[in-house]
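Hi,

Here is the two-chain model for you to open alongside this email.

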Amino acid sequence: MKAGLAPGLAAPRIGARRWLSAVLLVLLVMVAGLLIGSVALPTTGVVGAMLDRLPLVTVEHGLTPTQLDVLFEIRAPRLVMGAMVGAILAVAGAGYQGVFRNPLADPYLLGVAAGAGLGATLIIGLGAGTGWIPPFAFAGGLASVVLTYALSRTVGGRTTTSLILAGVAVAAFATAIQTFLLQRNNDTLREVYSWILGRLTTIGWSEVGLLLPYAVVATVALMVHRRHLDVLALGDEESAALGVDVARVRLLVVGAATLATAAAVAVSGLIGFVGIIVPHTVRLVTGWSYRVIIPLSLAYGAVFLMLADLGARTLVAPAELPIGVVTAFVGAPFFLLVLRSMRGSS
Amino acid sequence: MRRIALLTALLLAIAACNGDETGATTTLPEASSSTTVGGTTTTASVPSTTEVESFPVTVTDATGEVTIEAEPHSIVSLSSTATEMLFAIGAGDQVVAVDEFSTYPEEAPRTDLSGFTPNLEAIIGYQPDLVVISFDPGELQSGLETVGVPSLLLPTALSLGDSYTQIEVLGAATGHIGEAAEVVGQMRRDIVSAVAGADIPDGISFYHEVDGTLYSTTSSSFLGQIYALLGLENIADAADDGSGFPQLASEYIVAADPDLIFLGDVDFGVTPESLSERPGWEGMTAVQNQAIVGLDSYLASNWGPRVVELVELIADAVSELTPVR
């Protein structure tokens, strides 16, 4: 690397060790999530049954049909859904933070989640099928983020606070309309109430299939543009001078992050705190480059939400805790801890 | 302009927060205790047989003693259970307005008044001399008190005893003590005979579903006690969190494999067929045997005299569907 560049610009890459540990952690939490639940399943039986599912492998696992249902129809899809939702909420948060060059940008603070919730409420109220929820949530989320951005520009230029204040106002507005709709239609929208608090309780493979295409598209788009986010950090003019089409990148990243948020909101309800905690924790540990932050946020977002859901389904077993409560309860202190430890070491 | 915009945003935020809270409350099951509802105490002497009872009377509701100066003739009821009770004890023609969810009896003067988000002005518009509610979102009772209208808060019963007490309180408050006692006596006899007539073997377990996100109810709730009365084993009791309405884990329900399933949410699109489509539920005993009973949501959520019908309905269903062992 040429002299004169800041050391951080020397092509930060994810070291093999970091990759390996992230992947291992995801796998470890997945196995733990399959083994632990409100119903006790024999460990050897679970491992045997999983191996038995592999092609060309037959293992005597000794699980009853009911236990197999619990494992493969209830626990497994819920775990996969938790991983996907956590991953895409975290990566969406990282994307927003990069585009807006704003450390506080997050699907919730920008009003995207509330807008997506309003879109979903509207379509549920109209009685359309579940397949329609993601596109409507996306439309609501996109409208909100555009409104937030436009408001922040007209109100107070491009300071950090004006964007967040605009986001809070847009979120409040969307929530107000949503609450009004709920109050007016007590009967038809009853299910929306529990959905607002975030739910993974009744997730099956069909919901996983519903989310998958949106998750893949959004993730690929964000992964492709992660280098451009590093360039954007230098400022608009510098980025343009370096040959980056600033407006196009911004549009694509915001679109992808909004799509990810909307899809997650549509399937699992409003689960807060992931989009801000995970990317920041990754950033504090690995540095500023989005080339590292984006992929690691995917992995640690999945880990975070799988762990939170493990808490939601075991802490008061056989009852359930709302997962949004767990993410906030675990996430906030953990984040402060990371923040403090990094201050101390630097 | 900027200031105004910011102020508007702030107000909206506040409004949204408030709205959210009330929105959430309406879905939550009533957790407030009604154990404070004491026996009826009348200050005047109680003639036992005649309908002519002397006012003023003092009765006790969930918040304390309430004195009613004269026999009420313009009662507003914002509770479907209270409406049902008032008509059952012969005070129906003293009722001038009931809330939107008071669907029984048919002749009740239904209005668009809301029991969940009550509006003080709209209530006073009916010039009531007694208001009966089951839920005070805050300041409703004190608001009525400032305009001199007595009100009774009769919250969700936690036991049949609470239910009987509320009927007696309404009897004393409306000048129908004798009829209220008759209604209570009839309820007691009917429930005893329904329970005695039910042919239910020991150890039959069940799952009662409150809504599609697997909220259930334990034996500490009013509904749970009805099931317990019939000697049924409630799988939700293992998850008792003090609220009486825990949210169960899907895998727990599947593994507990109850003999019977009662659906309190059939009016919200949950059907016996849709249960078998839930991930992992198809193999459950109750789903395989179609031992699934849809409960009328009115019966499942009220605690008035028609609770007898609920007991009979459950007893019949259990006798009919109980698997042969």
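B:Leu214 sits in the loop between strand 7 (205-209) and helix 7 (222-229) of chain B. Helices here are DSSP runs of H or I with at least four residues, strands are runs of E with at least two, and both are numbered from the N terminus. Is B:Leu214 buried or exposed? B:Leu214 counts as buried because it has 23 C-beta neighbours inside 10 Å. (Buried means that 20 or more other C-beta atoms lie within 10 Å of the residue's own, exposed means 12 or fewer, and partly exposed is in between; C-beta atoms are placed from the backbone.)

Before I go on: this is a predicted model, where local features need pLDDT of at least 70 and side-chain atom pairs count only at pLDDT 80 or more, while totals for chains, interfaces and linings use all residues. Residues are numbered from 1 along each chain as its sequence is written, and chains are lettered from A and ligands numbered from 1 in the order in which they are written.

Leaving out residues up to four places away in sequence, B:Leu214 touches A:Thr201 and A:Thr202 in chain A, plus B:Glu209, B:Gln247, B:Leu248, B:Ser250 and B:Ile253 in chain B. (Contact means C-beta atoms, placed from the backbone, within 7 Å.) Of these, B:Ile253 is 39 residues away along the chain, with its C-alpha atom 9.0 Å from that of B:Leu214.

There is a residue on the chain A side that also touches chain B. A:Arg313 lies in helix 13 (residues 290-314) of chain A, and A:Arg313 is buried, since 28 other C-beta atoms are within 10 Å. Its contacts, again not counting residues up to four places away in sequence, are A:Gly37, A:Ser38, A:Glu320 and B:Ala249. For scale, A:Arg313 and A:Leu109 are 204 residues apart in sequence and 27 Å apart in space, C-alpha to C-alpha.

Now the chains. Chain A has 14 helices and zero strands, and 51% of its 346 residues are buried. Chain B has twelve helices and ten strands, and 45% of its 325 residues are buried. Taking contacts between residues at least 6 apart in sequence, 75% of those in chain A join residues at least 24 apart; for chain B the figure is 60%.

The largest nonpolar core has 152 residues, and A:Ile88, A:Val91, A:Ala260 and A:Ala263 touch the most other members. (A nonpolar core is a set of buried Ala, Val, Leu, Ile, Met, Phe, Trp, Tyr and Cys residues joined through C-beta atoms within 7 Å.) Helix 3 (residues 65-99) of chain A supplies the largest share of this core, 19 residues. A second, separate core of 39 residues includes B:Ile89, B:Val131, B:Ile133 and B:Ala172. As for A:Val91, its contacts beyond four places in sequence are A:Thr219, A:Leu222, A:Ala260, A:Ile294, A:Ser297, A:Leu298 and A:Gly301.

Chain B also has sheets to look at. In one, four strands form an open sheet in the order 4-3-5-6, with parallel pairing. (Two strands pair if DSSP finds at least two bridges between them.) Its edge strands, each pairing on one side only, are strand 4 and strand 6 (151-153) of chain B. Strand 3 and strand 5 of chain B pair in the parallel sense over three bridges, and B:Val76 stands opposite B:Val131 in strand 5.

Which strands does helix 2 of chain B lie across? Helix 2 lies across strand 3, strand 4 and strand 5 of chain B, running at about 135° to strand 3. (Axes are lines fitted to C-alpha atoms, for helices over the stretch in contact, and angles run from 0 to 180 degrees between N-to-C directions.) Helix 2 (residues 80-88) is mostly covered, with nine of its nine residues buried. The cover includes helix 5 (160-174) and helix 6 (177-197) of chain B. Just after helix 2, B:Gly90 takes a positive phi of about 85°.

Another open sheet of four strands in chain B has the order 8-7-9-10, also with parallel pairing. Its edge strands are strand 8 (233-234) and strand 10 (292-294). Strand 9 (residues 260-263) and strand 10 pair in the parallel sense over three bridges, and the bridge partner of B:Leu263 in strand 10 is B:Gly294.

Cheers

Terms used:
Contact = placed C-beta atoms within 7 Å.
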